[in-house]
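Visitor: I have a structure to look through. Could you take my questions one at a time?

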Amino acid sequence: MRLLKLVPDNTNLPFVSLRHWAFGITAVLTLAAIALVGIRGLNLGVDFVGGLMIEAKFDRPPPLDKVRATIDRLGVGEGSLQTFGDPKTVSIRLPLPESADEGATNKVVQRVQNALKQVYPTIQFSRYDTVSGKVSGELIQNGLLAVVLAVFGIAVFSWLRYEWQFGVSTFVAIMHDVLMTMGFFALTRLEFDLNIVAAVLTIIGYSINDKIVIDDRIRENMRKYRQMDMRSLIDLSVNETLPRTVMTSVTILLALGALLIFGGHVLRGFTAAMILGIVIGTYSSIYVSSSLLITLGLRPGVPLGGQSDEKPSGNVAKR
């Protein structure tokens, strides 16, 4: 039986020759993502803004103005409504009652549910969450700290493990992945909560795993082919690791696709972030992180001590 190969043997794609186009597209998309986050902002979940969130599912897309008017008549505070996942599911956000104990919160939830059931008898309530303002502030701080420390820690590791150029290129590529993810959530208005922070950290982990594999191969080839042009050497390294990169990405995307279809709307934001992260992480590993090494002035040689007695073959030296 013939084995399935997503990438043919002896693939020789000229990735480096497209680096200027890739850098331009990357810069435009990154600036667009920053602008979207700055202008539209993120649709922060209750985890980060505090308050009370009730998730209601209707049998057909409801008129949000009528739902809002029904809630406002209860006098439980100014409500914020937004469709969540699909037009039939609505996220209702309310401020916490002055007496933020569990009994008072349950009374507010019960009043809202009873009022909506009178107008929409077939309505269903999936869940409700409550987070105090103090806790939400701590969650924002801890979430940002986790992402920043992860990015800087990985960049420092690459710097110490290889050369400073690897650390800088890794930092730029990972920041690109994080900003693109945040721009996606600002554009789609999907809820940004602690699940998405976990997804961002997972994306960072996947991206660095992909980049370390390529960086290791670049370092090995720098020792092995010390006279090779840097552009040809990076093309060679990326093409050699391409089957592993593509196979890993495809298998993960298959699993995430199943989760997106069958996981329900509660996991939709997390799954969407992961799918986007796999795509942009693979792109940044090939076109951003690797090609940026040339711009940073990395040259073939023996980067971290030790020498190789291997001679470049005639075929490879001509690449």
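Visitor: Which residues lie nearest the centre of the largest pocket?

Guide: This is a predicted model. Its largest pocket has a volume of about 350 Å³. The lining consists of 18 residues, and those nearest the centre are Gly143, Leu144, Val147, Met182 and Phe192.

Visitor: Which helix gives the most to the lining of the largest pocket?

Guide: Three helices each supply at least two lining residues: H5 (133–161), H6 (164–188) and H7 (194–224). By class, the lining has 17 nonpolar residues, one polar and no charged. With seven residues, the helix that gives the most is H5.

Visitor: Are H7 and H9 roughly parallel or oblique to each other?

Guide: H9 covers residues 268–295, and its axis comes within 9 Å of that of H7. The crossing is right-handed, and the contact has twelve nonpolar, eleven polar and three charged residues. The axes cross at roughly 30°. Angles under 35 degrees count as roughly parallel, so H7 and H9 are roughly parallel.

Visitor: How many charged residues are in the contact of H1 with H6?

Guide: The axes of H1 (residues 19–39) and H6 come within 8 Å and cross at roughly 50°, so the two helices are oblique to each other. H1 passes H6 in a left-handed crossing. Among the residues making the contact are Thr26, Leu29 and Ala33 of H1 and His176, Met182 and Gly183 of H6. The contact divides into ten nonpolar residues and four polar, and the number of charged ones is: no charged.

Terms used:
Residues numbered from 1 in each chain as written. Predicted model: local features only at pLDDT ≥ 70, side-chain atom pairs only at ≥ 80, totals over all residues. Heavy atoms only, no water. 1 Å grid on protein atoms, 1.4 Å probe; cavity = no way out; pocket = protein on both sides within 12 Å on 5 of 7 lines; lining within 4 Å. Points joined across faces, edges and corners; volume = space filled by probe spheres on them. Helix = DSSP H or I, 4+ residues; strand = E, 2+ residues; numbered from the N terminus. Nonpolar A, V, L, I, M, F, W, Y, C, P; charged D, E, K, R; others polar. Axes fitted to C-alpha atoms, helices over the stretch in contact; angles between N-to-C directions. Parallel < 35°, antiparallel > 145°, perpendicular 65-115°, else oblique. Left-handed = near helix turned anticlockwise from the far one by under 90°. Contact = heavy atoms within 4.5 Å.
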